[in-house]
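Q: Please take a close look at one part of this model, the ligand site and the strand pairing that goes with it. Please state the criteria behind each term as it is used.

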Amino acid sequence: MTDTPTGGDVRLTGISKTYGSFTAVHPLDLTVPEGSFFALLGASGCGKTTTLRMIAGLEEPTTGTVLLGDRDVTDLPPHKRPVNTVFQSYALFPHLDVHENIAFGLRRRGVRSVRRQVDEMLELVQLGDKARHRPHQLSGGQQQRVAVARALINHPRVLLLDEPLGALDLKLRRRMQLELKRIQTEVGITFVHVTHDQEEAMTMADTVAVMNAGRVEQMGAPAELYDNPRTTFVANFLGTSNLIEAEVVEVGADVVATAGGGTLRLPADRCPAPVRAGGRLLVGIRPEKITLAHADDADAIPSGRNRTAGRIADTSFIGVSTQYAVDGPAGTGLQVYEQNIERDPRLVPGAEVVLHWNPAHTFGLDAAQDVEAGAPTVEGAA
Ligand SMILES: Nc1ncnc2c1ncn2[C@@H]1O[C@H](COP(=O)(O)OP(=O)(O)OP(=O)(O)O)[C@@H](O)[C@H]1O
Ligand SMILES: [Mg+2]
């Protein structure tokens, strides 16, 4: 062990965890940039908590090493690692008030004058007026902020958060996402946040690692992952994608493919390599990129757009948008989201329509994958 100062970044190399014959986390390499807000996103049981616990030292990795900055902490016990964890259940001390809950870490280390630091933390989490409240006198969101302050007062290099907003209702959850993001920006330390909520991960994180069955499928900035998913799992788990099975007929700057008797174009550099004529391809397009035209207006669709015909099977009015499910030769249940600006009263179930979109917004995926991977199931596992 060296005494070099540790940076805030987390580096996992070849880290894995097996329980008997079951592999919870496959050998994993992961670098979390210093000062970033990093999210581990995935469905229940994919290995998020196990990964986080290996960073914290609460779980011993089967293989691999954990570095915090330049320091190998793989063999260090949890309390010797410069990390703190915030869990879903905040586990505040019920008999201590907010001030004393936050002061706990300092007092345990024998720090006498805690007032200034606790006041700073109270201000950071905007609970100055609640210092003398007990946890049961606070809302869920307020308790959660106390838990964050209690961890941050120890000045960890890295703050680990395991579904910290899981117990909150949706509206409060959305507020707390922005609040946590503000706190992270203000303190500037690395946050590693575990969640199964894709919207939460995209709202908060600079970098998102999408996990599936113990592996990281793809990692990147939220917009990058959303616009350029590389696997069907990522395409379906992060938002919604239409994945149309197609056959490649031509490869140039654009790839031309046929699906359901029609022709679709997409940029070759948005296709998996290698693409060859005669091969199969999944043509991907996000629901909000598609415009829905009534079949009677099909002649007015500008040329150069990708288009495919169908019949509206279902509509749901969401408020800001209307979501349509369209069945056609290219696929059943194609999803189209239209903003509610001027709704076309003809767009009702049974109506014949044409879906059209900019070819540049289209992405290609390897057709050897499960088209349904990562899509929500009936139980809503995602
Ligand atoms: N102590 C253990 N013994 C055996 N299997 C375990 C143990 N801990 C975790 N697992 C298994 O490892 C897998 C990953 O668990 P983990 O808790 O990391 O999932 P997760 O992604 O955090 O899920 P969730 O979103 O439900 O919290 C699961 O299939 C789980 O059953
Ligand atoms: Mg978990």
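A: Two strands are said to pair if DSSP finds at least two bridges between them; strands (E, at least two residues) and helices (H or I, at least four) are DSSP runs numbered from the N terminus. The model is predicted, so local features need pLDDT of at least 70 and side-chain atom pairs pLDDT 80 or more, while totals for chains, interfaces and linings use all residues. Residues are numbered from 1 along each chain as written, chains are lettered from A and ligands numbered from 1 in written order, and side-chain values use heavy atoms, without hydrogens or water.

The ligand comes first. Around ligand 1 (a heavy atom within 4 Å) stand Tyr-19, Phe-22, Ala-24, Ala-43, Ser-44, Gly-45, Cys-46, Gly-47, Lys-48, Thr-49 and Thr-50. This shell divides into 5 nonpolar residues, 5 polar and 1 charged, where Tyr, Cys, Ala and Phe are among those counted as nonpolar, Gly as polar and Lys as charged. Helix α1 (48–56) and strand β2 (22–32) each supply at least two shell residues, and α1 has the largest share, with 3 residues.

A polar side-chain atom of Ser-44 is 2.6 Å from an oxygen atom of ligand 1. A polar backbone atom of Gly-47 lies 3.0 Å from an oxygen atom of the ligand, and the side chain of Tyr-19 places an N or O atom 3.3 Å from a ligand nitrogen. Taken on its own, ligand 1 has 630 Å² of accessible area (Shrake-Rupley, 1.4 Å probe), of which the protein covers 59%.

Strand β2 also belongs to an open, antiparallel sheet of 4 strands, ordered β2-β1-β4-β5. Its edge strands are β2 and β5 (71–72), each pairing on one side only. Strand β4 (residues 63–68) pairs with β5 in the antiparallel sense over 2 bridges; in one of them, Leu-67 has Asp-72 of β5 as its partner. Helix α1 packs on this sheet, touching β1 (10–19), β2 and β4 (heavy atoms within 4.5 Å), and its direction makes about 120° with that of β1; axes are fitted to C-alpha atoms, for helices over the stretch in contact, and angles run from 0 to 180 degrees between N-to-C directions.

A further open antiparallel sheet has 5 strands in the order β13-β12-β11-β14-β20. Because β13 (262–267) and β20 (363–366) have a single partner strand each, one side of each is left without a neighbour in the sheet. Its strand-to-strand twist averages 45°. Within it, β11 (residues 242–251) and β14 (residues 280–285) pair over 6 bridges, and Glu-245 has Leu-282 of β14 as its bridge partner.

Note on methods
Polar contact = N/O pair within 3.5 Å; in protein donor to acceptor, adjacent residues only side chain to side chain.
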